[in-house]
Amino acid sequence: MGDVGITVIRPKFGERRVKVRKLFRTHIKVLREPVVFGKGTRDLHGDSLPHDEQIAAGAVLVPIWNGQSRPQDFVYWGIYDAIRGQEHTGDGYQAPEGEIASLRVSVAAAREAIKTFIMWGGLDRGGRRALNALLLEISEDHERARNPEKKGASQKFARAAEELDSRGRENPGARAARTVAGRDRLELRQGQVAAICQAIGPRRTALISELDRIWTDGWLRVWHELTDAAKALEAVCDGTAGNAPLRLIDNCLYAADQALESIDVEPFLSSRHVILSEINMARSNLARDRWNQARDEILRSLEGIQFKKAGLKLHEVLLGVSLCAAGGGDASPVPVGEVRKIRDQVGDFRERFARLSERRLKRPLKAEVEVLLGAAQEALVGKVTFAGLKQAAEYLKGALSYL
């Protein structure tokens, strides 16, 4: 489960010592208590916060270095968001059109430019123009970068593309030196990205393992214990078992309590509190010999867990849709085969979700979820662009927020 203790967190709002749980010997942390950064507090950039900022208990904090000596903690509301974030990060860095490939192309181009400067004396007018164009192209590829190494490299290449220096003279030696400096910065960024990609694998594994732990040690165990308690109560209510199963019911409720204690991350922490309340209400009814009311509380909890299980499935669908949506320009068409597969997945989930009962839930939610699922399906009809696929992903994300 990971070690629980007090440590310093560094979200963008500033630094705080708070209670966290570390995931599987990684630097990922689960916030065990809410933390407030008050108005006027200095953030990590030294600026004063214009209003209070709060991070709720159950949030997942993933460190990001961005070339700095100390990491900043990126805050995810829950574990589903954190998993999608790591998948997108890995996909963005490692995809053929991602940063690794982009840096590789730029570094190779810079090396060619350096070789060309070595042959400067033998270049004709056309060769020099081609060299200038190459340097400007490398510069433009990274001019909007936020990373300081890439941004600095862009500026070096732009300066290297200037044919004359401040005194109006040709100075190929200075231009070559700037090109070398730009290449060195891009190679430094290559090393940073390699380290990031190396870290993504263990982080992704830790997050997926945590999600599996929550289900195996948490919700599935709660489900089995409450199911056994409900069956025993059914026999009591029917008058076929007398009072014999009451000790079994008490043991089941206790075991469910213990399993719920292992759940401390969103989007499960809020549901844990609800089900703990329902179990306590069932106990209260049992103490007053209100067997039917106790059974109804337990069945209400089982219905709630069904919706959490549906949320897990929807998370899997959303993950695939959002990764696919990130793979092309907004106006580009999504391959028909991909659209059909996604539309079938959404349709299959919608059909299964429609069968769930919310008869006992105190807060019905099916109508809101089904509206969003229908909107997602509608966005996948006809000629679908990547912008349309992103819109479908947003609808699915909205549906998941209810689960």
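In what order do the strands of the open sheet of 5 strands run? The order is β1-β2-β3-β6-β7, and the pairing is antiparallel. Strands here are DSSP runs of E with at least two residues, helices are runs of H or I with at least four, and both are numbered from the N terminus. Two strands pair if DSSP finds at least two bridges between them.

A word on the model before going on. This is a predicted model, in which local features need pLDDT of at least 70 and side-chain atom pairs count only at pLDDT 80 or more, while totals for chains, interfaces and linings use all residues. Residues are numbered from 1 along each chain as its sequence is written, and side-chain values use heavy atoms, with hydrogens and water left out.

Val-4 sits opposite Arg-21 in β2.

| Helix | Number of residues | Span, first to last C-alpha | Expected span |
|---|---|---|---|
| α6 (246–260) | 15 residues | 21 Å | 21 Å |
| α8 (291–325) | 35 residues | 51 Å | 51 Å |

Buried means under 20% relative accessible area, exposed means over 50%, and partly exposed lies in between (1.4 Å probe, protein chains only). In α8, 25 of the 35 residues are buried, so this helix is largely enclosed by the rest of the structure. Buried residues of α6 include Ile-249, Cys-252, Leu-253 and Asp-257.

Leu-134 belongs to helix α3 (residues 125–142). With 23% relative accessibility, Leu-134 counts as partly exposed. Its C-alpha is 7.4 Å from that of Ala-109, 25 residues apart along the chain.

**The second largest pocket**

A pocket is an open set of points on a 1 Å grid where a 1.4 Å probe fits, with protein on both sides within 12 Å along at least five of seven lines; lining residues have an atom within 4 Å of a point. The second largest pocket holds about 630 Å³ of space. It is lined by 27 residues, and the closest to its centre are Ser-271, Lys-308, Leu-365, Tyr-402 and Leu-403. Helices α1 (79–94), α7 (269–287), α8 (291–325) and α11 (386–400) each supply at least two residues of this lining.

Definitions and conventions:
Expected span 1.5 Å × (residues − 1). Points joined across faces, edges and corners; volume = space filled by probe spheres on them.
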